[in-house]
Amino acid sequence: MDIAVIGLGLIGGSTLRALARAGHQVLGYDADPATRATARTAAAKAPAGARWQVAPTVRDAVASAELVVVAVPLPAFEAVLHELGNSGYSGLVTDVTSVKGPVRDLVERRLHRLAGFVGGTRWPGGRPPASPPPTPTSSPAAPGCSAWSRRRPRSRTGWSWRR
């Protein structure tokens, strides 16, 4: 499947790598040129059957995509939807944001002509998994994430991350 991932931070970068490893044709984009450069370098080092491409614009990333995964913070989500609309993309879109109501509202206002929007789901019961996620700097699924660090457990319900 041809898939575009918009936003190549911790979650988007991990999603991009996992999709490429699964054999999909993946094209990524990030607004930050340094993040795009890091993703290109990581793609060159990935095994031959698990590589991805990095596009210079949202329009280029979604040009042949059957599915677009939006992996940006909520404040940037509307701008990405605007770019998707301006690009003429009319396929399937999903997201990996942490809040769902505002995303649904933005999609309803912005993307009327899409074939479909399938919003990502939250953790069951609104809680993170019982075990903490791997440290991004040691995870092969998170290239260039040295800006992320793990905090101490916030409470018995989970971990928090900070940039």
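This is a predicted model: local features need pLDDT of at least 70, side-chain atom pairs count only at pLDDT 80 or more; totals for chains, interfaces and linings use all residues.
Is N86 buried, partly exposed or exposed? I looked this one up first. N86 counts as partly exposed because its relative accessibility is 48% (buried is under 20% relative accessible area, exposed over 50%, partly exposed in between, with a 1.4 Å probe and protein chains only). N86 is found in helix 4 (helices are DSSP runs of H or I of at least four residues, strands are E runs of at least two, both numbered from the N terminus). I also checked N86 against R59: they are 27 residues apart in sequence and 8.1 Å apart in space, C-alpha to C-alpha.

Residues are numbered from 1 along each chain as its sequence is written, and side-chain values use heavy atoms, with hydrogens and water left out.

Next, T57. I found T57 in the loop between strand 3 (53-54) and helix 3. T57 is partly exposed, at 32% relative accessible area. Its side chain reaches the backbone nitrogen of D60 at 2.9 Å. T57 and I6 are 51 residues apart along the chain, and their C-alpha atoms are separated by 9.6 Å.

I6 took me to the core. The largest nonpolar core has 21 residues, and I6 is among those with the most contacts inside it, as are V62, V68 and F77 (such a core is a set of buried Ala, Val, Leu, Ile, Met, Phe, Trp, Tyr and Cys residues joined through side-chain atoms within 4.5 Å). Several elements supply at least two residues each, including strand 1 (2-6), helix 3 (58-62) and helix 5 (101-110). Helix 4 gives the largest share, four residues. Another core, of 15 residues, lies apart from it and includes V5, L16, W52 and L67.

Then the strands. Strand 4 and strand 5 (residues 92-95) run parallel and are joined by four bridges (strands pair if DSSP finds at least two bridges between them). V69 stands opposite T94 in strand 5.

Last, helix 2 (residues 33-45). I noted 13 residues and a reach of 19 Å from first C-alpha to last, close to the 18 Å expected at 1.5 Å a residue (1.5 Å times one less than the number of residues). T35, R36, A39, A42 and A43 are buried in helix 2. They sit on the same side of helix 2 because they cover an arc of only 125° around the axis (taken from the directions from the helix axis to the C-beta atoms). The face turned away from that buried side carries the exposed residues P33, A44 and K45.

Conventions. A polar contact is a pair of N or O atoms within 3.5 Å; within protein, one must be able to donate a hydrogen and the other to accept it, and residues adjacent in sequence count only if both atoms are side-chain atoms.
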